[in-house]
Each structure stands twice: as structure tokens, then as C-alpha cells.
Amino acid sequence: IAILGNHDHWNNADLVAGALAARNIRVLRNGSTPIERDGSRLWIAGIDDALVGLADMPKTLKGVPTTEATVLLAHEPDYADYAAKFPVDLQLSGHSHGGQVRIPGVGPIVLPEMAAKYHTGLNRVGEMQVYTNWGLGVITPPVRLLCPAKVTLITLRRSLL
């Protein structure tokens with residue numbers, strides 16, 4: 001399951017979405033899909049890119065029961081301030097590239113729009129958690145300093161409450 005980001009839209013979103021679909025990767029563009037296991041259901045919801053103005057949370061969550069766990073894929077992490085107003089448990093984001101260049105004791109020196117507040121790691125926004133991964137790629141300039149590429153494995157567990 002994937003979503004598109006701003007650079008996908010700035011280049012050719014339909015080409016990117018088509019390439020993903022050709023590899024059996026479902027692209028969510030303001031939609032959601034359930035994953036069922038052992039009689040339980042988890043919803044994966046994905047907005048279209050917020051930076052280019054295509055995100056639509058009401059449409060994305062249409063049909064998702066408010067009582068069931070929901071993970072939101074949102075490219076820009078600072079979208080969490082808006083997403084936290086909806087019944088979403090966890091938002092997974094990227095976009096920040098971790099800043100690409102980090103200074104010890106200071107952190108990232110340049111961050112893209114909509115990635116200034118929740119640019120790194122796990123944060124809480126109201127009742128929702130947001131995790132931002134640094135990702136693998138770079139933008140101009142194509143350099144990383146004290147900001148290695150990351151792939152994160154997240155294990156979700158059912159709450160015992």
C-alpha cells in the first residue's frame with residue numbers, strides 16, 4: 001500500500017501510481033482499505049498529497065468505523081495537526097528527509113514546508129501518534145550529513161484496554 005508525495009505530483013503522479021499498481025502496490029488517494037486478521041480489522045487510510053492541496057480527510061475516512069484502529073499514511077508529517085481532529089490512531093509520514101543535513105546539538109538546518117514540527121521519529125498530537133521516517137532519498141542538494149537513510153520496522157500490537 002502506498003501514497004503519493006509532492007515530488008510525485010510535481011513530476012507525473014499518474015505515471016508513478018501506474019508503475020506502483022503494475023507491481024500490485026495499491027495506491028491510496030483519499031481512500032482506505034481494511035486489513036483483516038484473526039477476526040480483527042485494521043484500517044489503512046491514505047490521503048493524496050497535502051502540500052499540493054489534494055488531501056481530503058472526510059473522503060479518506062468515509063466508511064471507516066470510528067471504533068476500529070486506523071493508520072493514516074500522510075506524506076507531510078505536519079498534516080498531523082489536522083488529522084488529529086479525526087478518529088486516527090497513528091499517522092505515518094516521510095517528506096522531511098530528516099533535514100538531510102543535521103548539526104549535533106542543533107538538529108536539521110533546513111526542513112521542507114509541512115515538515116517543521118514533526119520532522120523526526122515518534123511524536124504525539126492529541127490522542128494520535130505520528131511517526132516520521134527520514135526515508136532513503138535526497139533532494140537538492142543531493143547530500144546527507146549526520147542523517148543516514150532509514151527504513152523503519154513498526155510492530156503494531158492490540159491494546160489490552
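How do the residues of the lining of the second largest pocket divide into nonpolar, polar and charged? In this predicted model, that lining holds nine nonpolar, five polar and nine charged residues. The lining of the largest pocket divides into 23 nonpolar, twelve polar and three charged residues.

**Largest pocket**

- The space in the largest pocket comes to about 1000 Å³.
- Its lining is made up of 38 residues, and those closest to the pocket centre are His75, Ser93, Gly94, His95 and Asn133.
- At least two lining residues each come from helix 1 (6-11), helix 2 (13-22), strand 2 (40-46), strand 3 (69-73) and strand 4 (90-93).
- Helix 1 gives the largest share of this lining, with four residues.

**Second largest pocket**

- The second largest pocket holds about 870 Å³ of space.
- There are 23 residues in the lining of this pocket, and Leu42, Ala69, Leu156, Arg157 and Arg158 are the ones nearest its centre.
- Two or more residues of the lining are supplied by each of strand 1 (31-37), strand 2, strand 3, strand 7 (121-125) and strand 8 (128-132).

- An open sheet is built from six strands, with mixed pairing and the order 1-2-3-4-8-7.
- Strand 1 and strand 7 are the edge strands, each pairing on one side only.
- From one strand to the next, the twist averages 20 degrees.
- Strands of a sheet pair through backbone hydrogen bonds, in either a parallel or an antiparallel sense.
- Strand 3 and strand 4 are paired in the parallel sense, over three bridges.
- Leu72 has Gln91, in strand 4, as its bridge partner.

**His119**

- His119 sits in the loop between strand 6 (107-108) and strand 7.
- His119 counts as buried because its relative accessible area is 17%, and the cut-off for buried is under 20%.
- A polar contact of 2.6 Å links the side chain of His119 to the side chain of Thr120.

Notes. Residues are numbered from 1 along each chain as its sequence is written. This is a predicted model: local features need pLDDT of at least 70, side-chain atom pairs count only at pLDDT 80 or more; totals for chains, interfaces and linings use all residues. Side-chain values use heavy atoms; hydrogens and water are left out. On a 1 Å grid over the protein atoms alone, a cavity is a set of points where a 1.4 Å probe fits but cannot get out, and a pocket is an open set with protein on both sides within 12 Å along at least five of seven lines; lining residues have an atom within 4 Å of a point. Grid points are joined across faces, edges and corners, and a volume is the space filled by probe spheres set on the points. Ala, Val, Leu, Ile, Met, Phe, Trp, Tyr, Cys and Pro count as nonpolar, Asp, Glu, Lys and Arg as charged, and the others, Gly among them, as polar. Two strands pair if DSSP finds at least two bridges between them. Axes are lines fitted to C-alpha atoms, for helices over the stretch in contact, and angles run from 0 to 180 degrees between N-to-C directions. Buried means under 20% relative accessible area, exposed over 50%, partly exposed in between (1.4 Å probe, protein chains only). A polar contact is a pair of N or O atoms within 3.5 Å; within protein, one must be able to donate a hydrogen and the other to accept it, and residues adjacent in sequence count only if both atoms are side-chain atoms.
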